[in-house]
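Please read the following note with the sequence and the structure side by side.

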Amino acid sequence: MLTLTRKEGESFYLYPDESLDPNMTIQELFDKPIRIELHWIETRSVARIKIDAPASIKIAREELC
């Protein structure tokens, strides 16, 4: 599980790991559901988000892509 802090207007991406076979089906890629939870709101403009995803799914903050 990963916890991100995002400010208003910031985002993140979920995408498949580059090492995966591009011919994989959606069912093979998502061997379990992705769970996204709004964990905590610090102020009106900052929130903590918990993401629980399969290891085959990469999570990246928008500013790092």
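1. A residue counts as buried under 20% relative accessible area, as exposed over 50%, and as partly exposed in between (1.4 Å probe, protein chains only). Of the 65 residues of the protein, 20% are buried by this rule.

2. This is a predicted model, in which local features need pLDDT of at least 70 and side-chain atom pairs count only at pLDDT 80 or more, while totals for chains, interfaces and linings use all residues. Residues are numbered from 1 along each chain as its sequence is written, and side-chain values use heavy atoms, without hydrogens and water.

3. The order of elements along the sequence is β-β-α-β-β-β, with 1 helix and 5 strands in the protein. Here helices (H or I, at least four residues) and strands (E, at least two) are DSSP runs, numbered from the N terminus.

4. The C-alpha atoms occupy a box of roughly 45 × 25 × 15 Å along the principal axes.

5. A salt bridge requires a side-chain nitrogen of Lys or Arg within 4 Å of a carboxyl oxygen of Asp or Glu. The whole structure contains 6 salt bridges. One of them joins aspartate 52 to lysine 32, with the closest N and O atoms 3.5 Å apart. This pair links distant parts of the chain, 20 residues apart: strand S4 (residues 46–52) and the loop between helix H1 (26–29) and strand S3 (35–43). Aspartate 52 is partly exposed at 24% relative accessibility, and lysine 32 is partly exposed at 37%.

6. Glutamate 63 and arginine 61 also form a salt bridge (3.2 Å, N to O). Through shared partners, salt bridges join Arg6, Glu10, Arg61 and Glu63 into one network.
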